[in-house]
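Try each task before reading its solution.

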Amino acid sequence: MELGQPTGRCPFGVVRKGAGNAEVRINRNGRGERRIEFISGQPAFYDDNLTLIFERSGDLFLIRIGNEERYGIPEAVVTGG
């Protein structure tokens with residue numbers, strides 16, 4: 001995805017592990033699955049050697065992985081509420 005392009009919707013699943021800990025799995029539309037681990041309510045681990053950068057905008061995590069991937073994950077996905 002080029003910078004400036006709008007984001008789309010991706011199928012995802014989440015396993016919540018309590019107290020802001022969760023694992024979010026995102027289907028990358030034919031390019032495998034991306035796994036992002038949240039610890040204490042913040043993205044802390046992912047399944048590749050690419051750089052993960054994030055910021056918060058209200059209750060939305062804006063996550064970039066490498067130069068091509070970006071995700072908007074609502075806090076409610078992680079916390080369940």
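**Exercise 1. Find the aromatic pairs and classify the one between F54 and F61.**

Solution. A search of the whole structure gives 2 aromatic pairs. Rings of Phe, Tyr and Trp (its six-membered ring) pair if their centres lie within 6.5 Å; planes under 30 degrees apart are stacked, over 60 edge-to-face, and the rest tilted. The ring centres of F54 and F61 are 6.3 Å apart. Their planes meet at 55°, so this pair is tilted. F38, F54 and F61 make up one aromatic cluster.

The model is predicted: local features need pLDDT of at least 70, side-chain atom pairs count only at pLDDT 80 or more, and totals for chains, interfaces and linings use all residues. Residues are numbered from 1 along each chain as its sequence is written, and side-chain values use heavy atoms, with hydrogens and water left out.

**Exercise 2. Are F54 and F61 buried or partly exposed?**

Solution. Take the cut-offs: buried is under 20% relative accessible area, exposed over 50%, partly exposed in between (1.4 Å probe, protein chains only). F54 has 29%, so F54 is partly exposed. F61 has 1%, so F61 is buried.

**Exercise 3. Which ring does the charged end of R56 sit over?**

Solution. The test is NZ of Lys or CZ of Arg within 6 Å of the ring centre and within 35 degrees of the ring normal. The charged end of R56 sits over the ring of F61, 4.6 Å from its centre. R56 itself is partly exposed at 39%.

**Exercise 4. How far apart are the closest N and O atoms of E75 and R56, and which elements does the pair join?**

Solution. A salt bridge needs a side-chain nitrogen of Lys or Arg within 4 Å of a carboxyl oxygen of Asp or Glu. E75 and R56 form one, with the closest N and O atoms 3.1 Å apart. E75 lies in helix α1 (residues 75-79) and R56 in strand β5, so the pair ties together parts 19 residues apart in sequence. Helices (H or I, at least four residues) and strands (E, at least two) are DSSP runs, numbered from the N terminus. E75 is partly exposed, at 28%.

**Exercise 5. Where do D47 and R34 lie?**

Solution. Start with the contact: D47 and R34 form a salt bridge, closest N and O atoms 2.5 Å apart. D47 is in the loop between β4 (42-46) and β5 (52-57); R34 is in strand β3 (residues 33-39), 13 residues apart. D47 is partly exposed at 31%, whereas R34 is buried at 2%.
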